[in-house]
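Q: I would like to learn how to read the domains, the chain contacts and the sheets of a model. Could we go through them in turn?

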Amino acid sequence: MSGPAARTEARSTRVGWGALSFGLAAVLGAALLGAVVGPAGLEPISVIAAILDLLPGVSIDSGLTDVETNILFEIRLPRVVLGAIVGATLAVAGAAYQGVFRNPLADPYLLGVAAGAGLGATAAFAVSGDTNWLAPFAFIGGLAAVVATYALGRSVGRRSATSLILAGVAVSAFATAVQTYLLQQNVETLREVYAWILGRLTTVGWGQVGQLVPYALVAMGVLFVGRRMLDVLSIGDDEAKALGMSVARVRGVVVLSATLATAAAVSVSGLIGFVGIIVPHTIRIIFGWSYRVIIPLSILFGAAFLMVADVAARTIISPAELPIGVVTAFFGAPFFLLVLRTMRGPT
Amino acid sequence: MISWNGVEVSFAAERVLGPVDIRVADGEWLGLIGPNGAGKSTLLKSAVGLVEHAGSVSLGGRERRPGLDIAWMPQRPHLPDEMGVGDYVLLGRTPHLGYLAAESSHDVATMRDAIAKLDLRHLARRPLGTLSGGEAQRAVLARALAQEAPVLLLDEPTASLDVGHAVEVLDVLDDLRRKEGLTVVTAAHDLTLAGRYSDRLVLLSRGRVVADGPPAEVLTETTLRAHYGAGIRVLDDVEGPVVVPVRSSDG
């Protein structure tokens with residue numbers, strides 16, 4: 001008896017089959033679009049056949065030439081998969097920050113995490129020139145930035161949505177200033193780092209994808225299994241504590257995971273802003289308030305969103321390419337204003 | 001039995017509470033009264049670990065487990081506008097769940113039970129932001145009830161309610177206490193209502209217990225004037241003392 005009746009009373013914390021199918025379809029559709037669109041046009045059917053051909057026990061002739069197969073598997077697909085993972089991590093990190101800070105404007109970009117990670121990565125780049133140090137330095141920079149933002153935001157008085165974001169702006173500006181100084185000191189790496197700052201999924205091979213996967217999986221896994229805790233936090237720190245939850249520990253784990261995800265993404269793809277605001281908010285508007293719904297769907301729709309944004313970045317001024325960070329900012333900045341307008345004051 | 005044993009709370013080296021020793025018997029309703037800043041909220045918070053304190057709070061002689069043993073309702077609960085009543089009440093099951101666990105059918109059944117007891121079934125899917133003050137307070141009470149803790153601590157549960165809704169909420173609480181055998185501690189500013197519903201009143205002033213006993217013994221003009229100021233008159237009513245304010249020019 002409790003089953004069907006229970007669902008009528010508490011069903012907004014479950015991801016419905018409809019939403020899940022929609023999300024999966026969006027991911028597959030965006031991935032196919034990303035694989036097909038480009039200077040060398042590939043037929044969707046051929047692309048699907050070539051991918052199915054990889055499955056054990058399946059043998060299909062895709063009709064692609066060796067060059068086309070090479071383009072598909074060594075250029076297009078690594079980029080598509082990287083876009084999916086970066087999009088998913090940035091979206092889920094944004095959702096997690098929003099939950100843990102109870103702040104609808106929180107986003108890896110606006111909290112200064114991305115700039116801090118960027119500074120860390122630039123420092124690693126400038127000092128060692130070794131790309132293996134990018135991810136750990138980006139993580140340290142990102143973590144330092146989010147801690148500084150949170151501490152500054154709180155020191156302004158009551159923790160309000162805007163004071164946290166203003167603190168994020170200050171931390172970002174500071175991190176960017178130090179980063180610029182480092183770049184001036186290391187002019188030879190300037191061009192490469194500049195392209196990276198604007199965000200890009202170019203010059204990608206499977207190696208970069210492999211670099212990102214372990215961090216992204218760990219961070220997404222932690223945020224996924226702990227998503228109910230974000231719902232508990234939404235009724236206030238004191239209430240959550242009185243319900244026996246260790247608020248500081250939960251907040252620490254969530255911030256660490258979201259920062260790890262952001263830093264890993266930033267170290268590979270540069271600064272891609274606003275994904276963490278656009279995706280979770282759209283999900284919130286359509287599918288409801290619960291982080292038990294927002295977190296899993298952010299993974300799916302974040303992946304789909306960035307894959308489509310990458311297609312736009314590649315085609316708008318083809319044959320040249322726009323930095324993907326420019327595309328996401330173009331849609332993200334107006335969206336940010338929309339969220340700001342609909343906020344009901346400090347939360 | 002919940003007991004505060006030598007509990008003391010200080011903020012920035014200034015003692016705001018205690019040392020306080022209070023014992024509340026199982027099934028008893030204790031009303032905490034006292035002027036603003038007397039330490040009522042702090043006393044309740046100390047029991048659920050929201051403020052650091054010296055001394056101990058125990059339950060039947062053993063260390064209390066916040067969440068499982070004690071449910072606490074804050075003065076101004078944070079109610080996310082879009083969250084549904086059913087989902088909100090279900091969060092009360094958190095103490096019974098591990099960090100990574102999901103609610104079982106038993107948890108959902110407990111939630112439904114709490115909702116039914118507070119007459120919220122027709123509102124179960126309504127977002128919290130659309131509830132009236134009285135309905136919202138019942139939803140918070142339902143969440144506390146879903147915790148299935150034997151002790152309920154309520155910080156001014158009727159502060160934002162008109163007298164009709166206040167009586168409605170307190171009646172529900174009284175009914176629940178009798179049926180479920182709950183121990184209830186409420187902090188209140190409305191002295192008449194506190195006297196009507198509590199078995200016993202504790203008057204706190206400047207962090208200390210200054211009176212403790214049945215409502216008729218604590219709600220006297222002499223005691224109240226000594227701690228609230230002069231403008232108070234206590235009238236006798238068949239159901240207990242009625243505390244009324246008096247304009248200083250009349251007094």
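Q: How many residues of domain 1 of chain B are in contact with domain 2 of chain B?

A: This is a predicted model, in which local features need pLDDT of at least 70 and side-chain atom pairs count only at pLDDT 80 or more, while totals for chains, interfaces and linings use all residues. Residues are numbered from 1 along each chain as its sequence is written, and chains are lettered from A and ligands numbered from 1 in the order in which they are written. Two residues are in contact if their C-beta atoms, placed from the backbone, lie within 7 Å. Here 12 residues of domain 1 of chain B are in contact with 11 residues of domain 2 of chain B. On the domain 1 side, helix α5 (residues 163-180) of chain B gives the most, with six residues; helices (H or I, at least four residues) and strands (E, at least two) are DSSP runs, numbered from the N terminus.

Q: Which residues make up domain 1 and domain 2 of chain B?

A: Domain bounds come from an automatic or database domain assignment. In chain B, domain 1 covers 1-69 + 149-214 and domain 2 covers 80-146, and their centres, taken over C-alpha atoms, are separated by 23 Å.

Q: How many residues of chain B are in contact with chain A, and which helix supplies the largest share?

A: The contact involves 31 residues of chain B and 26 residues of chain A. The largest share of the chain B side, six residues, comes from α3(B).

Q: In what order do the four strands of the open sheet in chain B run?

A: Two strands pair if DSSP finds at least two bridges between them. The four strands follow the order β2-β1-β4-β5 (chain B), with antiparallel pairing, and the edge strands, β2 (14-24) and β5 (62-63) of chain B, each pair on one side only. Within this sheet, β1 (residues 2-11) and β4 (residues 54-59) of chain B are joined over five bridges in the antiparallel sense; Asn5(B), for instance, has Ser56(B) in β4(B) as its bridge partner.

Q: Why is one side of β6 and of β10 of chain B left without a neighbour in the six-strand sheet?

A: The open sheet has the order β6-β7-β8-β3-β9-β10 (chain B) and its pairing is mixed. Because β6 (70-73) and β10 (208-213) of chain B stand at the edges with a single partner strand each, one side of each has no neighbour in the sheet. Strands β7 (residues 151-155) and β8 (residues 183-187) of chain B pair in the parallel sense over five bridges, and Val151(B) has Thr183(B) in β8(B) as its bridge partner.
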